[in-house]
Amino acid sequence: MQKKWVPTPIEIAKKPDYILPGHRLCAGCAAPIIVKLTLKAVPNPENTVLVNATGCLEVATTIFPYTAWKRPWIHNAFENAAATASGVVAAFKALKKKGVWKDEEPTVIVFGGDGGTYDIGLQALSGAIERGHKFTYVLYDNEAYMNTGIQRSGSTPFAAATTTSPAGKVIPGKPQWKKPIGFIIAAHMNAYVATVNPYYWQDFVVKVRKAVEYDGPSFIHAISTCDRGWRFDPSLSMRISKLATDTCLHPLWEFDPETREFKITGQSLYLAKNPDKIIPVEEYLKLQGRFRHLFKPVRRDDLIKTIQDRVMKEWKYLLKLAGFES
Amino acid sequence: MVEEQEERLLNGDEATAWAAYHVEPDVVAAYPITPQTIIVERFSEFVADGLVRTEFVSVESEHSAMSACVGAAAAGGRAFTATAANGLQLMNEILYIASSLRLPIVMAVANRAVSGPINIHCDHTDAMNVRDAGWVMLFCEDAQEVYDTVIQAFKIAENPNVLLPVIVSFDGFLISHTAQKVKVFKDPSVVREKFLGGPRKPAKIKLMGQEVELSLNPKNPVPVTFGPLDLYDYYFEHKRQQSLAMQNAYNVVKEVHEEYARLSGRRYGDGVTVPYKLDDAEIAVVAMGSAPGTMRYVIDEMREEGIKIGLLRLRLFRPFPYRDIMEKLKHVKVVGVFDRAQDQGMMGGPLFIETRAALYELESRPKVVNYVFGLGGRDTPPEMFREAFDELVGISKGTVKPFIRKYLGVRE
């Protein structure tokens, strides 16, 4: 699984796309970028089966009679993408044993949003990981139920305003912190887990390749900017995505279940070595309408500091896990 | 030609496991729940002993069991599961999806009362709660019929004119846990090869001008998208196609039953309904599951007394065989419909409502009354049925005032 693969931009650009143009995802949405990068990282994309949880990606790519998917693709329901995938994996395994399927068993990749992963689909995901099916679960995390119109999920960050955690006169957005989904999956101790950021595409594709080549379950946590839900101009999508990692809000790391080691990677590794380059979270927050109440009508230094302190606390925890002494 | 068989002492759950062993599905995904658990226990022994090449997926819930079956069937495999009661309720969302995706999944249901209050014993409320989910539904009377019907179910489900999932129901504990002599084929290949024709062959469809397998097969010239968003411009047509498939299932159930009978030597009526002493009957009772066994005993007793009473057991519940009901009951004066299911807020039990609706089409209609009985495994002794049957006789003679619904064997 530790094969060294350093893809060049040309190599990646030349690989075919398996999500085709004409889908109806919003301009500025990171989800199709995440899908493209994921499938460009798969060594044998022609022998791939895709599973999709209910959500923006599913709805906007398959309005009957059209489909944007150039690979076999199944959507079952919201909470059961991982269970559905385990059935697909098991079927090909049995068909292979019986000699009905003669090729390599297909690579099975799941795409699920944060609602389908952190909340309603957590049980099915945990079960499928525990059973050890060989599949790759790609979480595109846009930090709320965007498909139903921006409701808070277990992934919505502290203080973010959503339609069910509005910034009110008394309660300033979501009172709870984001669930550490990557650590939860890593705690199963049998899955390759990595966080990725589509802006840092090289780190992204290298990790996805490791994930699909790992002989067991794997989990990729991609931050997925949402201009409609986060309230920013679509042109800022990748800039905001970059800041998520540059501020250490979405640090890049991976967990190897064989060695039980956490490794900080890519831009985050650079920041671990050069802490002075870490950008204050305010730079990330102030670009997004969902955090506007932290700046207007009155600037909420207390809340901004609370967020900054929490981010640094979690960053330090990660540094410790990854063996950085500080 | 009837194939060689051997007798085994099996309860209904074990008979199901033996049927699954002889079919050798590609994937069995299941979760334990009383009174179904013996099925997955026995089947996992067949897996552990290397008797089947099935992938046994012990999922973390029934919801995931059905979800995994959907994935496995969409991948082109044969998928099987088993459940009961609350487990079936938990699956409910995915049952509708499985049938709309036209996936030939087979599921055994050991009928059990639905919580609450929690109760592990027999009634049909669990199956009745999913009667509109688009699954073909068969009800068995004993363990032998369970073995035979589970095998038939795969062939019904996979028929290209059907392509619908099938539920095989049988009474929890009364059948699931009661041992009887069951004849099973000596050679599993009679089931796997001769009857089912080898591994499942997914249906072929036309997609963008090319013939493709209706599956997730990556080798398809045009990849298939399963489960797209389907709005007001197509949803209705797809539902209409689904209801046509359900209509098609009626004949296929009969054909498969007959084809299987040639191998096994066993028949259950015509595969759809099982009439008993109905030809000259003036009074008919309608029921499903194991109760007809006791009812036949009472009917024999009453026949000896010269009372013209008979029984219509429904083996097929979905699609509902309303034409058979009209045909088989058109000459009787009184019909008693026995529902072993809850009737909360309804005009009567579900079997009653649909049977009565079917008979409404007749020019000269019999009186149709309902008995709700045996909920939560309440005992159903012959005397209890005798009491009800005597009441039906009374209605036919005009000595008992007709009613719509009564509850049998309950303390009021």
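## Basis of the description

A salt bridge is counted where a side-chain nitrogen of Lys or Arg lies within 4 Å of a carboxyl oxygen of Asp or Glu. The structure is a predicted model, in which local features need pLDDT of at least 70, side-chain atom pairs count only at pLDDT 80 or more, and totals for chains, interfaces and linings use all residues. Residues are numbered from 1 along each chain as its sequence is written, chains are lettered from A and ligands numbered from 1 in the order in which they are written, and side-chain values use heavy atoms, with hydrogens and water left out.

## The interface of chain A and chain B

Contact, meaning heavy atoms within 4.5 Å, links 44 residues of chain A with 43 residues of chain B. The size of an interface is often given as the accessible area lost when the parts come together. Here the buried area (accessible area for a 1.4 Å probe that two parts lose on being put together, summed over both) is about 3400 Å², and carbon and sulfur atoms give 63% of that area.

One salt bridge joins the side chains of B:Glu24 and A:Lys98, at 3.9 Å from N to O. There are also 16 residue pairs in polar contact between chain A and chain B, both residues at pLDDT 80 or more. A polar contact is a pair of N or O atoms within 3.5 Å; within protein, one must be able to donate a hydrogen and the other to accept it, and residues adjacent in sequence count only if both atoms are side-chain atoms.

## The side contributed by chain A

Helices (H or I, at least four residues) and strands (E, at least two) are DSSP runs, numbered from the N terminus. On the side of chain A that touches chain B, at least two residues each come from strand 1 (48–52), helix 3 (56–61), strand 2 (73–75), helix 4 and helix 6 (122–131) of chain A. Helix 4 of chain A gives the largest share, 12 residues. This side of chain A divides into 21 nonpolar, 13 polar and 10 charged residues. In this division, Ala, Val, Leu, Ile, Met, Phe, Trp, Tyr, Cys and Pro count as nonpolar, Asp, Glu, Lys and Arg as charged, and the others, Gly among them, as polar.

Strands pair if DSSP finds at least two bridges between them. Strand 2 of chain A and strand 11 (residues 225–226) of chain B run parallel and are joined by 2 bridges. Within this pairing, B:Phe226 is the bridge partner of A:Ile74.

## The seven-stranded sheet of chain B

In chain B, 7 strands form an open sheet of mixed pairing, in the order 3-2-4-5-7-6-15. Its edge strands are strand 3 (55–58) and strand 15 (316–318) of chain B, each pairing on one side only. Strand 2 (residues 27–30) and strand 3 of chain B pair in the parallel sense over 4 bridges, and B:Ala30 stands opposite B:Ser58.

Helix 4 (residues 81–97) of chain A lies across strand 2 and strand 3 of chain B and runs at about 160 degrees to strand 3. Axes are lines fitted to C-alpha atoms, for helices over the stretch in contact, and angles run from 0 to 180 degrees between N-to-C directions. Over all chains, the count comes to 47 salt bridges. In one of them, the closest N and O atoms of B:Glu55 and A:Lys97 are 2.8 Å apart. B:Glu55 lies in strand 3 of chain B and A:Lys97 in helix 4 of chain A, so this pair joins two chains.
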